[in-house]
Amino acid sequence: MGKSREIRLNTFQFAAPSHNWAGLWRHPRDNQADYNRLDYWVDMARLAERGLLDGIFIADVFGIYDVYGGNADAALAAGAQAPQLDPTLAVSAMALATRHIGFGVTANINCDHPFVFARRFSTLDHLTDGRLGWNIVTGYLDSGARGMGQTTTREHDQRYEVAEDYMAALYKLWEGSWEDGAVARDRSAGRFTHPDKVHVVDHDGPYFKVHARALAEPSRQRTPVLYQAGTSQQGRIFAGRHAEAVFLNGQTPTIAAQAVRDVREAARSAGRDPYDIIALLGATVIVAPTSAEARELQAEYREYLHAAGQLALVSGWTGVDLSALSLDDALPFVRSNAIRSTLENLTVRAKAPTRIRDLLDFTPVGARAPVFVGSPVEVADQIEAWVGETGVDGFNLVRTVMPESLASIVDLLIPELQSRGRFKTAYREGSLREKLFSGGSSRLPETHPGASYRRATAVQASALSEPASGATRRTP
């Protein structure tokens with residue numbers, strides 16, 4: 001891998017008091033408890049854009065973590081992704097305060113019918129002037145399913161069958177309902193839209209039915225940039241067909257590298273260029289002017305971790321009730337309906353048994369991903385080493401203490417990466433898709449299966465077709 005390859009960086013956020021590290025909102029310099037104030041999001045967006053980050057990646061989960069101890073007490077007490085807000089609603093304010101930074105927003109396919117969802121995300125793509133991405137998730141918490149009137153979440157593999165049907169309906173709405181040129185905005189003729197260029201979507205899938213015109217006119221990107229998180233076997237297949245960027249975890253370079261290879265192979269099997277997908281690895285960064293100061297920060301942050309809240313998160317992610325185990329017990333592998341790749345990484349793929357206490361520290365095991373600690377030079381060295389060993393294109397940087405963790409990345413780490421030629425010194429113009437892929441356009445490339453639904457190039461498809469041959473390869 002060439003030394004000049006540009007590394008992608010997002011700040012990884014959550015609309016709750018704690019994200020992946022429970023309890024850090026208690027730190028005296030932390031402002032995550034202000035997650036429900038618009039200034040929190042606007043100030044963060046301005047800071048992230050000052051650092052030329054590619055995006056603000058906002059995670060979300062629909063439900064409360066109640067596997068630990070069979071109830072939600074630990075998650076609620078620790079503020080561990082609860083309470084939570086809808087992450088979409090702050091995006092337009094952040095977009096108004098910035099010009100370039102992208103927004104990767106997580107949304108669960110079980111929460112909105114495709115007809116409703118298509119309008120909502122078209123709206124955000126309009127209001128951000130084409131800077132929107134959607135992180136496609138299928139849901140894994142029974143608590144969220146019960147809130148929607150169901151008994152449990154669907155079985156793991158069936159969730160991806162539902163997602164395939166959901167995507168087909170969305171592609172028809174975003175790509176096939178309104179032709180290019182349908183919107184005239186012709187004042188002299190008194191014509192806003194050409195009715196003959198706006199078509200009814202007929203989708204009769206096994207899970208979703210849509211018989212209507214898309215409500216929103218096409219946005220700059222039509223289909224937002226498509227992110228996907230999940231590296232189970234079915235998740236990889238789904239990513240290979242649909243994702244333009246994948247979010248991965250893995251506490252060792254070996255695990256992460258295999259995940260990258262698997263996703264790229266899935267893309268190849270789907271008839272796509274494997275490098276049409278940007279691979280992003282989760283990571284925690286603690287950087288300070290000197291190595292000693294960074295280690296002091298790590299020790300300081302450790303004091304504010306909420307043990308029960310952290311175990312509540314891991315219990316939810318793995319489907320294993322960790323309250324029934326002692327701190328010296330090994331994490332068992334069990335079949336569950338939760339995030340299979342997380343449990344597999346911590347058990348069957350781990351170099352050594354993962355003890356429950358190992359999940360309660362700023363280590364790769366506790367993070368389920370790399371933890372980069374040190375001076376700017378040291379952290380940049382670690383990042384470059386992981387990129388070289390794993391083939392990832394960049395990282396989603398998990399927040400720790402806010403805003404200082406993000407400010408240290410912007411003011412210390414990014415200048416070091418720029419001095420090595422590994423990080424951009426200016427944004428590209430254009431939409432989020434154009435910024436992420438050089439030589440591309442705002443629209444899905446012809447190599448993507450969603451492009452087959454375009455009326456401008458083909459009759460609206462009733463099923464995903466093979467991508468066009470000879471299409472130009474996009475370069476991340």
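Residues are classed as buried under 20% relative accessible area, exposed over 50%, and partly exposed in between, with a 1.4 Å probe and protein chains only. The structure is a predicted model, in which local features need pLDDT of at least 70 and side-chain atom pairs count only at pLDDT 80 or more, while totals for chains, interfaces and linings use all residues. Residues are numbered from 1 along each chain as its sequence is written, and side-chain values use heavy atoms, with hydrogens and water left out.

Most residues other than glycine have a negative phi, and most peptide bonds are trans. Against this background, two backbone features are described below.

Positive phi values occur at aspartate 129, with phi near 55°, and at arginine 222, with phi near 60°. Aspartate 129 is located in the loop that links helix 4 (114-127) to strand 4 (132-137), where helices (H or I, at least four residues) and strands (E, at least two) are DSSP runs numbered from the N terminus. The relative accessibility of aspartate 129 is 47%, and the residue is therefore partly exposed. Arginine 222 belongs to the loop between strand 8 (209-212) and strand 9 (225-229); with a relative accessible area of 4%, arginine 222 is buried.

The bond from alanine 82 to proline 83 is cis, with omega near -5°, and proline 83 lies in the loop between helix 2 (73-78) and helix 3 (91-96). Methionine 402 and proline 403 are likewise joined by a cis peptide bond, for which omega is about 0°. Proline 403 is placed in the loop between strand 13 (394-398) and helix 14 (404-419).
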